[in-house]
Amino acid sequence: MPAKPKPKKVRKLSLFKKDLWKEFALFVKLQRSVDGAWVNCYTCNANLQIGTSNCHAGHWLPQGGYSGMVFVENNVRPQCYVCNVRYSGNTPVFEQKLREEIGDAEVDAMYLDRRQSGKHDRGWYQQKTAHYKHQNELLRQKHGHN
Ligand SMILES: [Zn+2]
């Protein structure tokens, strides 16, 4: 009896999302790092070593409630474990800092847009992942870590 053709495995969407998060979170950290190795927590200023479990990329508008805000650059900043997890993003301070950094108009526009859809297809994830991967390579070159 001939063997049944194996069904073609479709890579899960969650894996594409995971790939993108890895590059995107690294970009958020490298972009704000002076030397490519250390970055400050956005909300308490603690010095964090990139790549360690204390160095997170945290959201102002939480990804749990606003799935469309997960990969919005202005919504994500480097944070320490305590601010991101224990203080659930330390959002009052996060918002204050954002207003100082990017201005009220940008913050208000982002807030109004907070319910945008978080549904994307594989192509969207692949394109974004490639974009941030490239950005990270450029940042690493700038920092002298090729
Ligand atoms: Zn912190």
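Predicted model: local features only at pLDDT ≥ 70, side-chain atom pairs only at ≥ 80, totals over all residues.
## Overall layout

Read along its sequence, the protein chain follows the pattern α-β-β-β-β-α-α-α-α, and its secondary structure comes to five helices and four strands.

Along its principal axes, the C-alpha trace of the protein chain spans about 70 × 40 × 25 Å. The chain has 146 residues, of which 23% count as buried.

Helix 5 covers residues 122-142, and its 21 residues reach 30 Å from the first C-alpha to the last, which is close to the 30 Å expected at 1.5 Å a residue. Just after helix 5, glycine 144 takes a positive phi of about 80°.

Two packed helices are described by the angle between their axes and the distance between the axes. Helix 1, made of residues 13-31, packs against helix 5 at an angle of about 30°, and their axes are 9 Å apart. Angles under 35 degrees count as roughly parallel, and helix 1 and helix 5 are therefore roughly parallel to each other. The crossing of helix 1 past helix 5 is left-handed. On the side of helix 1, the residues that meet helix 5 include Leu13, Phe16, Leu20, Phe24, Phe27 and Leu30, while those of helix 5 include Tyr125, Lys128, Thr129, Tyr132 and Leu139.

## Phenylalanine 71

Phenylalanine 71 lies in the loop between strand 3 (55-59) and strand 4 (76-80). Is this residue buried or exposed? Phenylalanine 71 counts as buried because it has 21 C-beta neighbours inside 10 Å, where the cut-off for a buried residue is 20 or more.

Not counting residues up to four places away in sequence, phenylalanine 71 touches Leu20, Phe24 and Lys128. Leu20 and Phe24 belong to helix 1, and Lys128 belongs to helix 5. Although phenylalanine 71 and leucine 20 are 51 residues apart along the chain, their C-alpha atoms are separated by 8.7 Å.

## Nonpolar cores

The largest nonpolar core has 13 residues, and of these Cys41, Leu48, Trp60, Leu61, Cys80 and Phe94 touch the most other members. Apart from this core lies another, of nine residues, among them Phe27, Val28, Leu30 and Tyr132. Of these, Phe27 and Leu30 in helix 1 and Tyr132 in helix 5 are also among the residues through which the two helices meet.

Leucine 61, one of the residues named in the largest core, is in contact with Tyr66, Met69, Asn75 and Arg114, leaving aside its neighbours within four places in sequence.

Technical notes: Residues numbered from 1 in each chain as written. Core = buried A, V, L, I, M, F, W, Y, C linked by C-beta atoms within 7 Å. Buried ≥ 20, exposed ≤ 12 C-beta atoms within 10 Å, placed from the backbone. Contact = placed C-beta atoms within 7 Å. Expected span 1.5 Å × (residues − 1). Axes fitted to C-alpha atoms, helices over the stretch in contact; angles between N-to-C directions. Parallel < 35°, antiparallel > 145°, perpendicular 65-115°, else oblique. Left-handed = near helix turned anticlockwise from the far one by under 90°.
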